Amino acid sequence: MDIAVATRNLYRFEEKIYAHSDNFQQAGVTTLRSMKQLRLALDFIWSKYGGFDNSRDFPKPKLIASPGEWYGGRYLSYSIHGEIHLVRNQRNYLTLVHELSHALGNDYHDRTFVDLEFDILEDVFDVDRGELEMAAGLCGVDR
């Protein structure tokens, strides 16, 4: 799948499905959080998933409250060079997991990236994997 199409489909999925699904709202992944809560979540997730990917060692990223990067007419959170920058209106577990999936060495929104994001959401936040897979398929997310 074309990288631009994969990115557009994943962003559409995250914006529309997570925001309107009771399953995701009940799991609290889209609820805005304090930076302290997000740092605690980062520490917990990193203890389970961080450090090694394809025999490469990745240091735990630094979490930064940031104005973000202007993209597509709005400011977005991003991950770069061992830092996760979170925009004020995206300081939630979903965005943290998304950017952490990048920090773990997944540059593109391909199947490997989506699998890791879904693994973390299912394992750490108890989000129903079946609903994730079904909704992702409906949005054209790379599966």
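Reader: How much space lies in the largest pocket?

Author: This is a predicted model, and the largest pocket in it holds about 740 Å³ of space.

Reader: Which residues lie nearest the centre of the largest pocket?

Author: Look for Tyr-11, Leu-76, Ser-77, His-98 and Glu-99, which lie nearest the centre among the 27 residues of the lining.

Reader: Which elements give two or more residues to that lining?

Author: They are helix 1, strand 4 (69–71), strand 5 (74–76), strand 6 and helix 4. Helix 1 gives the most, with 7 residues.

Reader: How do the residues of the lining divide into nonpolar, polar and charged?

Author: The lining of the largest pocket has 10 nonpolar, 11 polar and 6 charged residues.

Reader: Let us step back to the chain. How many helices and strands does the protein chain have?

Author: The protein chain has 6 helices and 7 strands. Read from the N terminus, the order is α-α-α-β-β-β-β-β-β-β-α-α-α.

Reader: Now the sheet. In what sense can the strands of a sheet pair?

Author: Strands of a sheet pair through backbone hydrogen bonds, and the pairing is either parallel or antiparallel. Here 3 strands form an open sheet in the order 3-7-6, with mixed pairing. Strand 3 (62–65) and strand 6 (78–80) are the edge strands, each pairing on one side only. On average, neighbouring strands of this sheet are turned by 20° against each other, direction ignored.

Reader: Which sense belongs to strand 3 and strand 7, parallel or antiparallel?

Author: Strand 3 and strand 7 pair in the parallel sense, over 4 bridges.

Reader: Which strands does helix 3 touch?

Author: Helix 3 (residues 35–49) packs on the sheet and touches strand 3 and strand 7. The direction of helix 3 makes about 160° with that of strand 3. Helix 4 (residues 93–103) also packs on the sheet, touching strand 3, strand 6 and strand 7. The direction of helix 4 makes about 155° with that of strand 7.

Reader: How many residues lie between strand 6 and strand 7 in their hairpin?

Author: The hairpin has 2 residues between strand 6 and strand 7. The general idea to bring here concerns the backbone angle phi. Most residues other than glycine have a negative phi. His-81, in the loop between strand 6 and strand 7, has a positive phi of about 50° although it is not a glycine.

Reader: Is His-81 buried or exposed?

Author: His-81 is exposed, because its relative accessible area is 75% and exposed means over 50%.

Reader: Where does Asp-126 lie?

Author: Asp-126 lies in the loop between helix 5 and helix 6 (129–138). Asp-126 has a positive phi of about 60°, although it is not a glycine. With 65% relative accessibility, Asp-126 counts as exposed.

Reader: How far apart in sequence and in space are Thr-7 and His-109?

Author: Thr-7 and His-109 are 102 residues apart in sequence, and their C-alpha atoms are 5.5 Å apart in space. Thr-7 lies in helix 1 (residues 3–20) and counts as buried at 15% relative accessibility.

Reader: What percentage of the residues in the protein chain is buried?

Author: Of the 143 residues in the protein chain, 44% are buried. As for contacts with a separation of 6 or more, residues 24 or more positions apart account for 57% of them.

Notes
Residues numbered from 1 in each chain as written. Predicted model: local features only at pLDDT ≥ 70, side-chain atom pairs only at ≥ 80, totals over all residues. Heavy atoms only, no water. Pairing = 2+ DSSP bridges. Axes fitted to C-alpha atoms, helices over the stretch in contact; angles between N-to-C directions. Contact = heavy atoms within 4.5 Å. Buried < 20%, exposed > 50% of the residue type's maximum accessible area, 1.4 Å probe, protein only. 1 Å grid on protein atoms, 1.4 Å probe; cavity = no way out; pocket = protein on both sides within 12 Å on 5 of 7 lines; lining within 4 Å. Points joined across faces, edges and corners; volume = space filled by probe spheres on them. Nonpolar A, V, L, I, M, F, W, Y, C, P; charged D, E, K, R; others polar.
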